[in-house]
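Reader: Please show the model, and let us then discuss how far it may be read and how its chain is packed.

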Amino acid sequence: MDGVDEEYLKEIEMARRELVALITSNKDAAPLMFRLAWHDAGNYDATTGTGGPNGSIRTFQELNHKANEGLGKAVQLCGDLKAKAKLERVSFADLYQLAGVVAVEVTGGPSIDFVPGRKDLAKSPPEGRLLDGKEDISHLRETFSRMGLSDDKDIVALCGGLRTMYLGKPREDRSEGQWTKDPLKFDNSYFKELLRKDAPFSRLPMDNALVADEKFYHYVKQYSKDEDSFFKDYAVSHKKLSELGCNPDKINQPKVSNEKLNQPKPKVQDEKLNQPKPKEPDEKLNQPEVPPDGKLNRPKGPCEKIKQNKGLIGISIVSVVVTVILGFLLKRKKNQVKN
């Protein structure tokens, strides 16, 4: 499965409607669907990452595990429903967990947040991982811890739901009888009966563990008095169970398209960049124009003016001397002519 899109979500809603119709018309299917969801998810090993809600319970190998006896009918019902409703994309893993959620809700239990996105696998985990009611205090904690559920609240809430919906409906191979007055109703009656000394059902080691351990007993007592508290905690714990090892919330995060990745980053507006650059002084503008002869017409200083005046005086004296000499020579020549 490549992911969850709008079309996939439409199929999930169709599957929910079909499951509601199936379980409402035949409430005996509720414990069966609840057990199917539990057994597909409850064999998860957090250390190895194997097992969990991946639809592998539909395989011949896993259906032959002793603890899964009788679940072939549930697998068949889900397969028929999938084919009838033409749920071509919905995975069996999602369908089985959705069936467990609907079973709780239809029988009066809390609404459980369901997030699709589980992938189908065909590899079965080793046999012997599932709860069977024979666990003592330490074994009970070890079993849930292996699944990654070490919170005492999760343990007590899930055991209560398990006893109410699954173990609350006697199987043909069990002789203990039923553990609640109405095994087809999801409520907190199991915890009430558990605290009675004259409880009408035969206790299993798991039942004794829940009242013998101080931390477990705290929640047993709380849930026996407050059904709303039990429903609230159970909805959260069941969601954890149904998502062991698959993290559908992360799977469904929107993907970033390649186009967005390849788009250039927007340029940051820089005030300094947008300001006009200051004009640099132009040396050519400040330089004086050079005349064709290459001499600059610079203003004359006082020294240069004095030199210029001296030159003029010198020229005048020379002119006077030349004039006097020419006049003398001319006069001399006239005298020679007369003589």
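Reader: How many contacts beyond four places in sequence does the model have for residues 283–307?

Author: This is a predicted model, in which local features need pLDDT of at least 70, side-chain atom pairs count only at pLDDT 80 or more, and totals for chains, interfaces and linings use all residues. Residues are numbered from 1 along each chain as its sequence is written, and side-chain values use heavy atoms, with hydrogens and water left out. pLDDT, the predictor's confidence in each residue from 0 to 100, stays under 50 over residues 283–307. Counting as contacts heavy atoms within 4.5 Å, the number beyond four places in sequence for this segment is seven.

Reader: What is the average pLDDT of the chain?

Author: Residues 168–177 also have pLDDT under 50, although the model has 20 contacts beyond four places in sequence for them. Where pLDDT is low, the predicted coordinates should not be read in detail. For the chain, 70% of the residues score at least 70, and the average pLDDT is 81.

Reader: How many helices and strands are there in the chain?

Author: Both are DSSP runs numbered from the N terminus: helices are H or I runs of at least four residues, and strands are E runs of at least two. On these terms the chain has zero strands, and its helices number 16.

Reader: Which residues have the most contacts inside the largest nonpolar core?

Author: Buried means under 20% relative accessible area, exposed over 50%, and partly exposed in between (1.4 Å probe, protein chains only). A nonpolar core is a set of buried Ala, Val, Leu, Ile, Met, Phe, Trp, Tyr and Cys residues joined through side-chain atoms within 4.5 Å. Leu 140, for instance, touches Leu 131, Ile 155 and Phe 216, among others beyond four places in sequence. The largest core has 64 residues, and those with the most contacts inside it are Leu 36, Leu 140, Phe 144, Leu 210 and Tyr 234.

Reader: Is Asp 45 buried or exposed?

Author: Asp 45 lies in the loop between α2 (29–41) and α3 (60–63). Beyond four places in sequence, Asp 45 touches Thr 50, Arg 129 and Arg 146, and a polar atom of its side chain lies 3.3 Å from the backbone nitrogen of Thr 48. Because its relative accessibility is 12%, Asp 45 counts as buried.

Reader: How many disulfides does a search of the whole structure find?

Author: Cys 78 is buried at a relative accessible area of 1%, and Cys 246 is buried at 17%. A disulfide is taken as a pair of cysteine sulfur atoms within 2.5 Å. The number found in the whole structure is zero.

How values were computed. A polar contact is a pair of N or O atoms within 3.5 Å; within protein, one must be able to donate a hydrogen and the other to accept it, and residues adjacent in sequence count only if both atoms are side-chain atoms.
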